[in-house]
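The following note was prepared for a colleague who wishes to review a protein model. Please keep the sequence and the structure open while reading.

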Amino acid sequence: MRSALILAALAAVLSSSPVMSQSVPNAAPWDQPFLPPAPPWDGASMALLRGASDPWVTAFEADAAHDFSPNYVDTRAWFDRLDAASDLIRIEQFGTSPEGRPIYAVIASKDGATFDPSKPVLLAQAGIHPGEIDGKDAGMMLLRDIAFYGKDALLDRVNLILIPILSVDGHERASAYSRPNQRGPRIQGWRNTATNQNLNRDYLKLDQPEMRAVRGLILKYRPDLYIDIHVTDGMDYQYDVTYGFNGENGAFSRSPAASAWLDSVLKPAMNAALEGQGHIPGELVFGQDDENPRAGLNDGGLGERFSNGWGAAAHVPTILIENHSLKPHEQRVLGTYVFLEESLRLLAEKGADLRAATASDSALRPAEILANFAQDPEPSSTREFKGIRYETYDSPASGRREIRWSGEADPELWRLPFYGSHSTLTLKRPEAYWVPSYRTDIIERLRAHGVAMQTLAEPRVVNVEMLKLDDPKLATRANEGHVQISVTQVTPETRDWTFPAGSVRVPTDQPLGDIVVLLLEPQSSESFFAWGLFPEVLSRVEYIEGYAIAPLAERMLAADPALKAEFEAKLAAEPEFAASGDARLQWFYERTPFYDDRYRLYPIGREG
């Protein structure tokens, strides 16, 4: 009943909304009445749209409002028709979703079934978050124009792979009520998958079949540039296409040469192309305070669980596009088209330089790996920012002051503090790691990444460094289907350890060596351990009663003066310990041969 009343109220607001009556210059026929108005826009890229009578019009273009995106079945049917009609287009299934839908890529090439290895490859990915589907509609238009409307020369020196929908199950959980902060399309898919997972948190742990599939596609085709297309949440501003990459503006990157190319070559050319078509490109930044737009900006973090962080660590040049959610779907789609077309042109002209930069980055073997990035406590610089005028008002709903965006561009540039990121952990790079055979799940994930390893044909005793986890802490809530575990202190122990047949040695002297370290060091916030994949090491299975350990402890004190001195010093230094009989007896138990020496022992060995 309550839901019905809310929907009825919403319908009433829709019918009386000034947006619905078109009093706002750029309002769509269907719009969220509670969203801020969008600034008027009539960019040159609107000439890319084809009329409804065109035999190859897309569903997005055929819609009078350009505010519609087709469902999975209709999208695939349109691509099948394109494939049948053009020798330049082919479709390749590269995975299957949890609900059984094929996950496919649309490939545009003049090379046939086998790519010319000298040509750069552009991989454009849409629909990792299916509500944010601009890349699918833009890709359909661009591929159509390559096939039939004179843009086939784009493929003379480059090959294009488009993933129109990565999260195909989420794409089909569609409704008008998926993304309330986003202006169109009027029917949107759901952010998470059928298993309620956010795929843009899965680049490193590789839980989900969708992400293992896309990793396999990347390993097969080795793209020179990977573009992951999203739509923002958050504050209002003038920019319609924002994008970023790790290492922008000289910030830290695990692929510094490729980041420098993106900064010095791609960014100026891309901004010029977008501006030339009437768009307003901007750097990918996030508001520091939702309640105070002028509080500053931040980089959103550099974690490898995201596409841009993973790309830098894997040495796959990766750009994260975040089109602005409050701009109309039409404007965002056309901006994405311009971005993809210019990327093809740049790769054709200067892709060899990017490929050389990637080769240079792939040869890096840093002795220390920076990890666990956190936002700087103080701003590192200031940034010019094209803001939108706003005011605040007293909301009877929230009982506080809320922001009301006007939709009007502020003619004065804002200058805002910018907060960067810094590493809070430095990890040493060992020569190799040893993973026991019974952890087939860990071995399979490493293989899915493309990590090189050697598999033991028979048991082997190896002298390795094992880690005792001193202070592991379980998270208080689940995240992405896991209960995460953090550990800040570890104690290394050298042991002769027997690894059974099927165990693997994972060397770090390989292009993916940084990823190996980040995945297998338990202190890394991106590690398998941190995602809760080794909970068994936190379990104790043997104990000792007080009536047994107390007399044993008394004998230990009498027999070992050094132990007695250590115990008395701890009593003096730690009153809580001194007052706890259980803690005192536990201290002695841990120093007996009865104590489980594998309790909190991380089962991955370090070599060298």
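1. Basis of the note. This is a predicted model, in which local features need pLDDT of at least 70 and side-chain atom pairs count only at pLDDT 80 or more, whereas totals for chains, interfaces and linings use all residues. Residues are numbered from 1 along each chain as its sequence is written, and side-chain values use heavy atoms, with hydrogens and water left out.

2. Confidence. The average pLDDT (the predictor's confidence in each residue, from 0 to 100) is 94 for the chain, and 95% of the residues score at least 70. Residues 13–29 have a pLDDT below 50, and this stretch makes 28 contacts (heavy atoms within 4.5 Å) in the model beyond near neighbours in sequence. Where pLDDT is low, the predicted coordinates should not be read in detail.

3. The structure contains 4 cavities of 30 Å³ or more. A cavity is a set of points, on a 1 Å grid over the protein atoms alone, where a 1.4 Å probe fits but cannot get out; lining residues have an atom within 4 Å of a point.

4. Arg144: buried or exposed? Arg144, in helix H4 (residues 134–148), counts as buried (under 20% relative accessible area) because its relative accessibility is 0%. Leaving aside neighbours within four places in sequence, Arg144 is in contact with residues including Leu48, Trp78, Leu82 and Tyr149.

5. Polar partners of Arg144. The side chains of Arg144 and Glu61 are joined by a polar contact of 3.0 Å. Such a contact is a pair of N or O atoms within 3.5 Å; within protein, one must be able to donate a hydrogen and the other to accept it, and residues adjacent in sequence count only if both atoms are side-chain atoms. A polar atom of the Arg144 side chain also lies 2.8 Å from the backbone oxygen of Trp56.

Terms used: On a 1 Å grid over the protein atoms alone, a cavity is a set of points where a 1.4 Å probe fits but cannot get out, and a pocket is an open set with protein on both sides within 12 Å along at least five of seven lines; lining residues have an atom within 4 Å of a point. Grid points are joined across faces, edges and corners, and a volume is the space filled by probe spheres set on the points. Helices (H or I, at least four residues) and strands (E, at least two) are DSSP runs, numbered from the N terminus. Buried means under 20% relative accessible area, exposed over 50%, partly exposed in between (1.4 Å probe, protein chains only).
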